[in-house]
Amino acid sequence: MATVTTMAGTPYDIAICGAGPVGLTLALLLVKRGMPASRIALIDAKLPEQSAQDPRSIALSYGSRQILEDVGCWPIDADEIHEIHVSRRGHFGRTLIDRNEYRLPALGYVARYGSVVSALNSVAAHVGITMLRPMHVSSSSERHDHVELQFAEGHSVTAQIMVQAEGGVFSDQAAKALRRDYEQTAIIAHVATSAALKHRAFERFTDQGPLALLPQDGGYAMVWCVRPDTASRLYGLSDAAFLAELGTAFGGRVGRFTGISQRVTYPLGLNANPAASARTVAIGNAAQTLHPVAGQGLNLGLRDAVVLARLLASELTASALQRFAEERQVDRGVTIRLTDALARVFASAPDGALSQALLGLALGVVDAVGPAKRVLAEQMMFGRRA
């Protein structure tokens with residue numbers, strides 16, 4: 001895989017900023033659809049070996065597995081999710097989604113970020129996609145028929161289309177048309193328990209936000225969403241004290257919480273609907289940063305990549321980007337509204353108690369009504385088709 005340091009003025013058909021799972025997948029889908037690999041530039045601030053060491057856990061839907069299979073990046077080291085248990089702590093109502101109801105080998109998978117990007121980088125190297133890394137885009141200038149990208153290192157490239165696929169975290173992003181601070185903080189870590197339920201994932205709604213446990217390495221990847229002041233207090237606790245509070249919040253379905261890795265926190269918000277441009281397009285987290293409830297962010301981004309690759313493989317024009325926006329409107333809109341609604345149930349009181357009671361009732365209805373549960377499950381696994 002080439003790491004290029006002298007490319008002043010080099011022209012490409014497509015420049016993709018961000019060599020994470022979404023950017024890499026887009027590049028590979030373009031090659032699969034017939035675009036010469038030499039005409040695609042993938043730009044990233046990190047070297048491949050740095051990305052490969054990223055220990056973060058990511059949730060992949062079954063639909064995302066199909067996309068990764070399509071570009072030759074499956075199997076990867078991942079834990080299967082066979083069941084998803086959605087419930088409200090201390091209240092009536094729950095939904096259980098089971099793979100057998102949909103005749104699938106798994107509803108989804110839990111993988112390390114580093115494992116996913118390593119597999120994608122390996123295929124990208126094999127097909128000959130140009131990698132410009134480590135490079136930092138300092139500015140871009142859009143012309144009528146191309147975009148010029150300037151790098152902090154002093155180089156520049158041009159491309160007919162620029163794809164922004166590097167979103168960063170909510171707190172560091174420039175505001176887009178739809179922006180909301182949830183006033184929640186996610187605490188993430190890997191936890192061990194005394195009675196883990198193999199292949200079962202949990203989405204547990206608490207008074208302050210959702211608490212997700214995703215099966216991984218014999219324990220769980222944890223994402224616990226709470227108010228910022230609570231997050232600060234929890235972060236400062238000893239491991240034993242933190243696990244005791246986690247047990248109180250989650251309950252005893254997986255036994256006692258017995259161990260935890262280093263904890264990391266980040267603020268949560270919605271930032272979506274970037275400004276339109278004739279030759280620049282945003283996908284994945286760069287287009288829509290979502291609340292992690294239901295684990296939809298990366299999966300939505302991979303679906304972005306599928307549609308964009310199909311359209312750009314036919315023509316590198318502003319009209320192709322316009323069609324992309326139109327085709328992605330339904331899936332993006334449904335996913336944004338779903339995650340936003342669930343996150344906002346806990347964003348404020350005094351209506352919190354009523355909202356949470358209604359949520360519990362809704363979970364019971366969803367579980368009892370087959371079509372409603374199928375709609376929810378298919379949205380989580382495959383997204384909404386227009």
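What volume does the second largest pocket have? In this predicted model, the volume of the second largest pocket comes to about 860 Å³. Its lining is made up of 33 residues, among which Asn273, Pro274, Ala275, Ala282 and Ala287 are the closest to the centre of the pocket. Two or more residues of the lining are given by each of the elements β11 (156-164), β18 (280-282) and α8 (318-344), and it is α8 that supplies the largest share, with nine residues.

Is threonine 335 buried or exposed? Its relative accessible area is 0%, and because buried means under 20%, threonine 335 counts as buried. When the neighbours within four places in sequence are left aside, the residues in contact with threonine 335 are Leu290, Gln296, Leu300, Arg303 and Gln379.

The confidence values deserve attention before any of the coordinates are used. Across the protein the pLDDT averages 88, and 87% of the residues score at least 70. Over residues 348-352, however, pLDDT stays under 50, and the model has one contact beyond four places in sequence for this stretch. Residues 361-369 likewise have a pLDDT that stays under 50, although for them the model has 17 contacts beyond four places in sequence. Where pLDDT is low, predicted coordinates should not be read in detail.

Methods:
Residues are numbered from 1 along each chain as its sequence is written. This is a predicted model: local features need pLDDT of at least 70, side-chain atom pairs count only at pLDDT 80 or more; totals for chains, interfaces and linings use all residues. Side-chain values use heavy atoms; hydrogens and water are left out. On a 1 Å grid over the protein atoms alone, a cavity is a set of points where a 1.4 Å probe fits but cannot get out, and a pocket is an open set with protein on both sides within 12 Å along at least five of seven lines; lining residues have an atom within 4 Å of a point. Grid points are joined across faces, edges and corners, and a volume is the space filled by probe spheres set on the points. Helices (H or I, at least four residues) and strands (E, at least two) are DSSP runs, numbered from the N terminus. Buried means under 20% relative accessible area, exposed over 50%, partly exposed in between (1.4 Å probe, protein chains only). Contact means heavy atoms within 4.5 Å. pLDDT is the predictor's confidence in each residue, from 0 to 100.
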